[in-house]
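Please examine the sequence and the structure shown below. The paragraphs that follow lead through them step by step.

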Amino acid sequence: MGQKRLKKMLVTGAAGGIGRAIRTKLAPLADIVRLSDRAGLGQAAPHEEIVYCELTEKDSVDNMVAGCDGIVHLGGQSVEADWETVRDSNIEGMYNLYEAARKHKVGRIFFASSNHVIGYYPQSQLLDAQTPPRPDGLYGVSKAFGEALASLYHDKFGIETAIVRIGSCFPEPVDHRMLATWLADDDLISLLECMFEASRLGCPVIYGMSDNDVVWWDNSQVAYLGWKPKHSSAIFKEMLDAKIERPHKDAAVSVYQGGVFTEHPIMEKKPN
Ligand SMILES: NC(=O)c1ccc[n+]([C@@H]2O[C@H](COP(=O)([O-])OP(=O)(O)OC[C@H]3O[C@@H](n4cnc5c(N)ncnc54)[C@H](O)[C@@H]3O)[C@@H](O)[C@H]2O)c1
């Protein structure tokens, strides 16, 4: 990356799986990286600030966003759950974040959306940025809400968002479905570089996948960002074949892009 584009970059959900994986690689993106979560974040490095924040608390979100010129929004409920849990973190939390971004004039946001927005499409269908949502659960619905909110704040207030439908961002694929959905964390970092450096971002839908051999998604409409993932899940295929049996062709994990998420029931909130 050439010149640092951001002065202070906020990363929400920084204590989560992706946040922990990319934390040490964020330094070149900004002079200061403000890490936030409601869970433990450890000690701040010299270029880091730590701000604890519950996304449902509007004033707290406002303080978290103040002074930042870019946001990587990873925070939120990251798998299927009961409605109250999904609503609090991904709907209330998303609204609070975008309202704070508007008030503090943040120009650019990375929104960690999900493949579960389009989880009910069959794996045989190639999707692109224009493909309408077809969520596979309440979690997917909440991410579709987030995408719509980002679009609203772009049209009304000019806030640019990279809406990234992340596939599976883990150290390596753990099942055959992930041969299509895998996103290496280095490729996520290069996407962050491209979207924060681009002279124009807009509010595009981007599929968060590496340069995998199995392809369900077409990113050609965001070629203008110049993002070129360098990693591929192909190197894990032999290991997966040896370790786990391929699922039956009629199993949800073989049929739907969202895999087993299509099989989750509507969950009830557990009593405290
Ligand atoms: N990991 C993936 O492959 C993947 C795939 C698709 C989408 N995503 C999205 O990317 C983001 C990061 O994923 P992850 O795997 O690191 O998830 P994760 O669950 O490990 O981390 C999410 C973090 O958000 C925090 N959080 C949740 N609700 C909060 C709230 N109300 N207030 C403050 N903090 C809150 C949690 O404490 C947690 O540290 C999530 O938004 C997830 O939906 C991830």
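**The ligand and the strands**

Around the ligand there are 26 residues, of which Gly 13, Gly 16, Leu 55, Ser 78 and Ala 112 come nearest; a residue counts as near a molecule or strand if its C-beta atom, placed from the backbone, lies within 6 Å of it. This is a predicted model, in which local features need pLDDT of at least 70 and side-chain atom pairs count only at pLDDT 80 or more, while totals for chains, interfaces and linings use all residues. Residues are numbered from 1 along each chain as its sequence is written.

The shell around the ligand comprises nine nonpolar, 13 polar and four charged residues. Here Ala, Val, Leu, Ile, Met, Phe, Trp, Tyr, Cys and Pro count as nonpolar, Asp, Glu, Lys and Arg as charged, and the others, Gly among them, as polar. At least two residues of this shell come from each of α1, α3 (83-103) and β5 (108-114); helices (H or I, at least four residues) and strands (E, at least two) are DSSP runs, numbered from the N terminus.

Strand β2 (residues 30-37) is largely enclosed by the rest of the structure, because six of its eight residues are buried, that is, 20 or more other C-beta atoms lie within 10 Å of their own, with C-beta atoms placed from the backbone. Strands pair if DSSP finds at least two bridges between them. Five bridges join β2 to the parallel strand β1 (residues 6-12), and Leu 10 has Arg 34 of β2 as its bridge partner. Five bridges also link β2 in the parallel sense to strand β3 (residues 48-52), where Ile 50 stands opposite Leu 35.

Technical notes
Buried ≥ 20, exposed ≤ 12 C-beta atoms within 10 Å, placed from the backbone.
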